[in-house]
Amino acid sequence: FFSCIMAMDMEKLNRLAKGMARSKNVMDTAKEIRDDYMTTLEGLEGEARTVAMQPIHERSAVKLLNIAKEYGGIYNKAGQFAASLRGPIPKIYTDTLAELTDKAPFKPFEEIDKRFHQEFQKSAKELFAEFDETPLAAASLAQVHKAKLEDGRTVAVKVQYPGLAEQIEADLEVIATLLKMNSDQLPFDMMWLLNDFRGYLQKECNFKGEAANAAKVAEQFTYHNRVYVPQPVEDFCCETVLTLEFAEGCNRVNDLGFLAKHKIDPMQVADVVNEVSSTMVLVNGFIHGDPHAGNVYVRPHPDKELGGAQVVVLDHGLYHDLNDETRKSLCELWQACVLGNIKEKNRLCEKFAGPMAHFFPLLLSQWFVQDITISEGADLAAGRYYQNVDLQEIAKFLGGMEHQKSILGMLHSTGYTRFLLQDLGYPEYARLEATSKAALAGLDPGVLQALRGSKEPEALARLQKYEGEVTAALTALHRRNLWYGFLYLLWTRKVHILLVVLPLLLLIGAYFWASRAAPGLTRP
């Protein structure tokens, strides 16, 4: 231990000490929150417990927000992830932590300007014709300023926080030490997850890589006039500074007030968002790692004649690559789930999820419940399907994912997109219908071109036939889900209301049936 300490330079030792202090404060806050729940709720049951829990949620969410804002880095990242979750954690947490996606605390200009001196040997004021010292947005790794080039172009300048890489590395070292110390108590080796997370953060901290990703994605979506990816201005880019075209008039894609103000149809926006996501996964195999509301924006289309909306996709630091075999298998899985091919679905789920194969389709859509039990179906209708998963099964699943990391990345990305679509009020039926087309397009290049405007007769015929099959299958799925919802109704306290109302409904129904059967029958 002492030889390790002596081998460290004082600067690194100081960073690790600060990382340990941050980690201790986070654990102390977690303990404080846990004790708050236990003490406040002790002895309470039913409605009294539910009422008492809401204030605890509120003050606990604020505590977590403050921790993330104070420490930034991986703690801000964790808060962003929590803000994207729906169902597993109370809504007050997601609403409170959503601030971290683009309204994190920003650094003063004097501190940020050090980056420009370090990278360009000039102040930002010297490098640009104009540079707004107040940032437009701030998140976990960087903040964004509006600027103007000498040629008059307006740009967005993304500047990485000074000292960020060193802080992240110190925090990860502390977590790695804790994992090693407690390895015998963990359900599986979690070091690969941490190393993977470290790799992702290193990619996100390299803005040259982000510039290359942005150029690649823009090329992939040149066919779509309702998708815009701001392009880098190469002379003003380096590993810690990224300068992009400025997208005027944007707002978060799930801001319904903004959409209403500009008379933009949320369903049109949702169609585009879903198409971008499904195309990335099932056609291109190149998947945006963080498509949360702070990275997906919308604006009135700049082409006034075209009208409607244009979706602006930002933050291209992290992408997940699917090899062609995996991508095609995902296309086949989507088709099997939608069309009800249970044998093929089970084969592919076993390939992707092993011991979690039974529940893997539900990670794609809660509609994919073709072969679960009645009790599981009722729980699904109540939003409780994740409670039926055994912890050891989850451990085996995550342990097995070490060699299929791209699948975890895909699930993470599509989870973000599903939450955005829910915010926009997009029906699950519409999402599945559109994604099913992307699945076919990912396997059939002719259909892909047909979806993009080609008039090739055979491809159009294949697409039309498939659309009919999907419509029939989704209608059957919808009916089945209504049945599961009815079962859930029976299994809750609502059954008492149902037992009172149902006989009355049956009598009314019988009366009207008798009236039709015997036209001469009249009411007394």
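Author: Relative accessible area sorts residues into buried (under 20%), exposed (over 50%) and partly exposed (in between), computed with a 1.4 Å probe on protein chains only. This is a predicted model, in which local features need pLDDT of at least 70 and side-chain atom pairs count only at pLDDT 80 or more, while totals for chains, interfaces and linings use all residues. Residues are numbered from 1 along each chain as its sequence is written, and side-chain values use heavy atoms, with hydrogens and water left out.

Reader: How many salt bridges does a search of the whole structure find?

Author: A salt bridge is a side-chain nitrogen of Lys or Arg within 4 Å of a carboxyl oxygen of Asp or Glu. The search of the whole structure gives 24 of them. One is formed by the side chains of R59 and D36, with an N to O distance of 2.6 Å.

Reader: Which helices hold R59 and D36?

Author: Helices here are DSSP runs of H or I with at least four residues, strands are runs of E with at least two, and both are numbered from the N terminus. R59 belongs to helix α3 (residues 46–71) and D36 to helix α2 (residues 10–41), so this pair ties together parts that are 23 residues apart in sequence. R59 is partly exposed, at 33% relative accessible area, whereas D36 is buried, at 14%.

Reader: What separates R347 and E344 along helix α14?

Author: R347 and E344 are three residues apart in helix α14 (residues 342–353), or about one helical turn. Their side chains meet in a salt bridge with an N to O distance of 2.8 Å. R347 is partly exposed at 43% relative accessibility, and E344 is partly exposed at 22%.

Reader: What is the N to O distance between the side chains of K437 and E467?

Author: It is 3.3 Å, and the two side chains form a salt bridge. K437 sits in helix α19 and E467 in helix α21 (residues 457–490), so the bridge ties together parts that are 30 residues apart in sequence. K437 has a relative accessibility of 25% and counts as partly exposed; E467, with a relative accessible area of 28%, is partly exposed.

Reader: Which residues are linked in a network of salt bridges?

Author: K31, R34 and D35 are linked in such a network.

Reader: How many disulfides are there?

Author: A disulfide is a covalent bond between the sulfur atoms of two cysteines. The criterion applied is a pair of cysteine sulfur atoms within 2.5 Å. By this rule the structure has zero disulfides. For C349, the closest cysteine sulfur is that of C337, 5.4 Å away, which is too far for a bond. C349 is buried at 1% relative accessibility, and C331 is buried at 0%.

Reader: How do the residues lining the largest cavity divide into nonpolar, polar and charged?

Author: Ala, Val, Leu, Ile, Met, Phe, Trp, Tyr, Cys and Pro count as nonpolar, Asp, Glu, Lys and Arg as charged, and the others, Gly among them, as polar. The lining of the largest cavity has seven nonpolar, six polar and two charged residues.

Reader: What is the volume of the second largest cavity?

Author: The volume is about 130 Å³. Thirteen residues line this second cavity, and V273, V276, S277, P291 and V296 are the closest to its centre. The largest share of its lining, four residues, comes from α12. By class, the lining has nine nonpolar, four polar and no charged residues.

Reader: Which residues lie nearest the centre of the second largest pocket?

Author: They are A137, V144, G294, Y297 and L314, from a lining of 33 residues. This pocket holds about 780 Å³ of space. Strand β3 supplies the largest share of the lining, three residues. The lining has 16 nonpolar, eight polar and nine charged residues.

Methods. 1 Å grid on protein atoms, 1.4 Å probe; cavity = no way out; pocket = protein on both sides within 12 Å on 5 of 7 lines; lining within 4 Å. Points joined across faces, edges and corners; volume = space filled by probe spheres on them.
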